[in-house]
Amino acid sequence: QADLVIPSLDAATEDTFKLINRPEKSLSLEQYLDGLVSFRNEYSGKIVLEVFILPDYNNSKSDIVELKKAIKKIEPDLVQLNTLDRPGTVRDLRKATRRELQEVIKLLDMPDVEIIAAAPQRKYIKSYGKDAEGAIIETISRRPCTLDDLTKILGLHVNEVNKYLDVLESEDIIERVHLDRGVFYRKKR
């Protein structure tokens, strides 16, 4: 009896589905897609399909062509593109840039597709403080820091620091680099 359901679709090829979603061994992409299509056929409420984009994993032209086919079968009311908003658990994962997400929209060439990656909008909420943003920039200008380093140095909660890092990264002010000790943030050169 829900009036809105938001399922996810991160891949439309079996290999990419297994790579990104790591499903239980007996679940195939075909079964997953069949389930989404069956649900659409039974459900009369609004379906917003979230598509999680991971550069170099599911944003090639061939991946997007397959995603488009799957989306057409599912017939959602809206497609929302999302990406990482914090460092991934796998070393080479990175979030899609705004430009990459726009390219996905262009390749999908469908109505009702929007980007929901939230970082740029976070800057405009009342709790976003320029003093914390400045302290992060100043700290990582002196030396690259991990998320843990920044929380200890600045005395801010990890979620709070992540909020600022997302905005600064989306504005191309800082960048993340993967080193032996983990993910470090540094001022963009």
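Two exercises on this predicted model follow, each with a worked solution.

Residues are numbered from 1 along each chain as its sequence is written. Local features need pLDDT of at least 70, side-chain atom pairs count only at pLDDT 80 or more, and totals for chains, interfaces and linings use all residues; side-chain values use heavy atoms, without hydrogens and water.

**Exercise 1.** Describe how helix 3 and helix 4 cross, and which residues make the contact.

*Solution.* 
- Take the axes. Axes are lines fitted to C-alpha atoms, for helices over the stretch in contact; angles run from 0 to 180 degrees between N-to-C directions.
- Classify the angle. The two helices are therefore oblique to each other (under 35 degrees is roughly parallel, over 145 roughly antiparallel, 65 to 115 roughly perpendicular, the rest oblique).
- List the contact (heavy atoms within 4.5 Å). Helix 3 gives Lys61, Ile64, Lys68 and Ile71; helix 4 gives Val104, Leu107 and Leu108.

**Exercise 2.** Work out the strand order of the open sheet, and find what packs on it.

*Solution.* 
- Read the order: the 3 strands run 5-7-6, with antiparallel pairing. Strands pair if DSSP finds at least two bridges between them.
- Find the edges. Strand 5 (145–146) and strand 6 (174–179) each pair on one side only.
- Check one pairing. Strand 6 and strand 7 (residues 182–187) are joined by 6 bridges. Glu175 has Arg186 of strand 7 as its bridge partner.

Key:
Helix = DSSP H or I, 4+ residues; strand = E, 2+ residues; numbered from the N terminus.
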